[in-house]
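Hi,

Here is the model I promised to pass on.

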Amino acid sequence: MSVRWGLIGASTIAREWMIDAIRANGGEIAAVMSSDAERARSIARDHDIPAGVDSLDALLGSGVDAVYISTTNDLHHAQTLAAARAGKHVLCEKPLDLTVAGARDMVAACREAGVTMGTNHHLRNAGTHRAMREAIVAGRIGKPLFARVFHAVYLPPHLQGWRIASPGAGAGVVMDITVHDADTLRFVLGDEPVEVAAFTQHGGMGAQGVEDGVMGTVRFASGVLAQFHDAFTTQYAGTGFEVHGTEGSLIGRDCMTQKPVGEVLLRTAAGEEHLPIDRVNLYERSVAAFHAAIRGEGRPAATGEDGVRSLAMAAAVLESAATGRAVGVDPQI
Ligand code: NDP
């Protein structure tokens, strides 16, 4: 039976990716909610969604099975709690909340309500990252020692709103991009971050003290060290993800992106080879796993717990940058 979805948030990500991804998986979008009645009506009209409403109660009362939450980061917590109380499955955008404690509440609320909860960390659904994870599990690079994440991009003008100027909404490159690095590192390495040291930068785009660049180092439980570089301000850096082990290196390029693109080179004593990469749409894979989890088959691609753990690393990065010292990553889920 088709899953009936309600969209909480008339967002860019819903319009550009998630509406199509839900429909590609046979999901039905029954209603969309915006805080602005006209924006709700307009997105409903433009995307053939039967109802555009301007209150959470109306959305939760419209007979939906699941909600996709893609409002600004400060609203995810209250909306998840309300949806869970109403018995709806919740696929929530990252970061789950502005605080790790708040994110934990969200997971607990969904667990208590017996509904499925997922975090929409898309990058672990990329063929490139899945291929790197499989190569590591297969022992193709020996023991992983180091990882490097290149995720310094240029925030497109149409997204230069709350992300760069509204601390209260959860602005900043760390909550926007580093949290994705955290999830991707955790997924590819199959490891958990323990401690971070980082510096943030104000490179001219962020306002109100909002950071728009960051570099840092993470120590993982296995001893792996990872570097990350994230920004809103660089137009030509390109993206990448590398893991270097005792017997080989995995070099991913153009893989920190929303599109199913990018390549992964494996370099060992045997020479160089490009790993085969599937080109499945990242967001469609997310929804497929979520639908299966609702049916009781497996788990969401990134669970609520994954959202908590990845946020915990991002929170430690912010604390390290603010205090000038290395900070332990909260291990509690
Ligand atoms: P947007 O800025 O597009 O939308 C966020 C909110 O802004 C909307 O919910 C909407 O409020 C409000 N809004 C939208 N258009 C307007 C407008 N014209 N005037 C005033 N307010 C407006 O955010 P994004 O889509 O970029 O991000 C939403 C969430 O998704 C964030 O949590 C972000 O971190 C996450 N995200 C995740 C990605 C991923 O790949 N996993 C990628 C991009 C974002 P209302 O609903 O009340 O209308």
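Below is what turned up around the ligand and in the backbone.

First, the ground rules. This is a predicted model, where local features need pLDDT of at least 70, side-chain atom pairs count only at pLDDT 80 or more, and totals for chains, interfaces and linings use all residues. Residues are numbered from 1 along each chain as its sequence is written, and side-chain values use heavy atoms, with hydrogens and water left out.

Now the ligand. There are 25 residues around it, and Thr-12, Ser-34, Ser-35, Asn-73 and Tyr-283 come nearest (a residue is near if one of its heavy atoms lies within 4 Å). By class, that shell splits into 6 nonpolar, 14 polar and 5 charged residues (Ala, Val, Leu, Ile, Met, Phe, Trp, Tyr, Cys and Pro count as nonpolar, Asp, Glu, Lys and Arg as charged, and the others, Gly among them, as polar). Both domain 1 (4–120) and domain 2 (123–283 + 311–328) give at least three residues to the shell, with bounds from an automatic or database domain assignment. Helices H1 (12–24), H7 (162–165) and H8 (173–189) each supply at least two shell residues (helices are DSSP runs of H or I, at least four residues, and strands are E runs of at least two, numbered from the N terminus).

On to the distances between N or O atoms. The side chain of Thr-12 has an N or O atom 2.4 Å from a ligand oxygen. Lys-94 puts a backbone N or O atom 2.8 Å from an oxygen of the ligand, and for Asn-120 a backbone N or O atom is 2.9 Å from a ligand nitrogen. Taken alone the ligand exposes 890 Å², and the protein buries 77% of that (Shrake-Rupley, 1.4 Å probe).

Most residues other than glycine have a negative phi, and most peptide bonds are trans. Lys-94 and Pro-95 are joined by a cis peptide bond, with omega about -20°; Pro-95 lies in the loop between strand S5 (89–92) and helix H5 (100–113). Asp-48, not a glycine, has a positive phi of about 55°, and Asp-48 is in the loop between helix H2 (37–46) and strand S3 (51–53).

Cheers

Definitions and conventions:
A polar contact is a pair of N or O atoms within 3.5 Å; within protein, one must be able to donate a hydrogen and the other to accept it, and residues adjacent in sequence count only if both atoms are side-chain atoms.
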